Amino acid sequence: MSINIQIVERKIEVGEYIDLRKAVGWKILDIEYIEKGLSNSLFCVCAQMENEVIGMARVIGDGSICFYIQDVIVKPQYQSLGVGKMLMESVMSYISKNAAEGAGIGLMSTKGKEGFYEKFGFWRRPNDNYGHGMVQYWEKEK
Ligand SMILES: CC(C)(COP(=O)(O)OP(=O)(O)OC[C@H]1O[C@@H](n2cnc3c(N)ncnc32)[C@H](O)[C@@H]1OP(=O)(O)O)[C@@H](O)C(=O)NCCC(=O)NCCS
């Protein structure tokens with residue numbers, strides 16, 4: 001079976017984004033916040049097969065000295081075909097054209113995907129020189 005997958009630099013629609021996040025079992029935040037968040041992305045790339053979006057990746061940050069890679073997703077039935085690699089190559093190409101020497105490029109790997117990102121030059125924390133990466137998920141009522 002030959003499959004025709006295209007990597008397209010464009011903003012992702014809210015419905016497409018929700019569809020992808022649901023496909024990998026990720027939480028869906030309120031739509032008004034999704035709309036604002038997506039429109040504030042620095043860069044977004046979609047993997048498309050005919051009219052279906054089967055994958056995405058986006059970059060947020062200041063566009064110069066600090067970048068953060070978010071929402072790297074390939075629908076389960078299209079994983080292990082090289083789509084994630086094409087998405088990350090597009091992301092890294094965008095960053096290479098915009099980042100200052102020494103700029104920080106961050107991401108939070110899901111469990112077990114660290115080896116995927118190591119292929120693109122990322123390394124794990126903590127190590128001898130760097131502490132843990134840290135995060136919290138915002139709760140309005142604490
Ligand atoms: C992570 C993800 C995007 C990878 O996409 P994919 O299309 O399956 O990956 P590819 O087929 O392009 O793999 C590219 C390379 O990474 C390797 N790879 C893929 N997953 C890996 C893993 N979990 N650990 C180590 N290497 C991995 C592949 O073997 C391949 O290596 P090669 O180039 O030497 O042949 C995909 O598994 C996914 O969407 N997972 C669910 C959502 C998720 O967890 N995203 C990460 C958020 S931080």
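Guide: Let's begin with Arg58, which is in strand β3. Keep in mind that this is a predicted model.

Visitor: Is Arg58 buried or exposed?
Guide: Arg58 counts as buried because its relative accessible area is 9%, and the cut-off for buried is under 20%.

Visitor: What does the side chain of Arg58 reach?
Guide: The side chain of Arg58 gets to the backbone oxygen of Gly37, at 3.4 Å. There is also a polar contact of 2.8 Å between the side chains of Arg58 and Ser41.

Visitor: Let me jump to Gln48. Where is that found?
Guide: Gln48 belongs to strand β2, which covers residues 43-49. With a relative accessible area of 15%, Gln48 is buried.

Visitor: Which side chain does Gln48 join in a polar contact?
Guide: The side chain of Arg10, and that polar contact is 2.8 Å.

Visitor: OK, ligand time. Which residues come nearest to the ligand?
Guide: Val72, Val74, Gly84, Lys85 and Thr110 come nearest, out of 21 residues around the ligand.

Visitor: And which elements supply the shell?
Guide: β4 (66-74), α3 (83-98) and α4 (114-118) each give at least two residues to the shell around the ligand.

Visitor: How many of the shell residues are nonpolar, polar or charged?
Guide: The shell around the ligand has 10 nonpolar residues, 8 polar ones and 3 charged ones.

Visitor: What about Lys113?
Guide: There the side chain is involved: a polar side-chain atom of Lys113 lies 3.4 Å from an oxygen atom of the ligand.

Visitor: How much of the ligand does the protein bury?
Guide: The protein buries 73% of the 930 Å² that the ligand exposes when taken alone.

Visitor: And which pocket is that?
Guide: The space taken by the ligand is the largest pocket.

Visitor: Switching topic: what's going on with the backbone at Glu50?
Guide: Glu50 has a positive phi, about 50°, although it isn't a glycine. Most residues other than glycine have a negative phi.

Visitor: Where is Glu50 found?
Guide: Glu50 is in the loop between β2 and β3, with β3 covering 52-61.

Visitor: Why does Glu50 count as exposed?
Guide: Glu50 counts as exposed because its relative accessibility is 72%, and the cut-off for exposed is over 50%.

Visitor: Now the helices. Where is Glu35?
Guide: Glu35 is in helix α2, residues 31-39. Glu35 is partly exposed, with a relative accessible area of 44%.

Visitor: How far is Glu35 from Val14?
Guide: The C-alpha atoms of Glu35 and Val14 are separated by 6.4 Å, and the two residues are 21 residues apart along the chain.

Visitor: What about Lys36?
Guide: Lys36 lies in helix α2. Lys36 is exposed, at 58% relative accessible area. From C-alpha to C-alpha, Lys36 and Val14 are 10.0 Å apart in space, and they are 22 residues apart in sequence.

Visitor: Last one: is Val91 buried or exposed?
Guide: Val91 counts as buried, at 0% relative accessibility, and its place is in helix α3. The C-alpha atoms of Val91 and Ser39 are separated by 17 Å, with the two residues 52 apart along the chain.

Terms used. Residues numbered from 1 in each chain as written. Predicted model: local features only at pLDDT ≥ 70, side-chain atom pairs only at ≥ 80, totals over all residues. Heavy atoms only, no water. Near = heavy atom within 4 Å. Polar contact = N/O pair within 3.5 Å; in protein donor to acceptor, adjacent residues only side chain to side chain. Areas by Shrake-Rupley, 256 points an atom, 1.4 Å probe, with all protein chains shown as cover. 1 Å grid on protein atoms, 1.4 Å probe; cavity = no way out; pocket = protein on both sides within 12 Å on 5 of 7 lines; lining within 4 Å. Sits in = over half its atoms within 2 Å of the grid points. Helix = DSSP H or I, 4+ residues; strand = E, 2+ residues; numbered from the N terminus. Nonpolar A, V, L, I, M, F, W, Y, C, P; charged D, E, K, R; others polar. Buried < 20%, exposed > 50% of the residue type's maximum accessible area, 1.4 Å probe, protein only.
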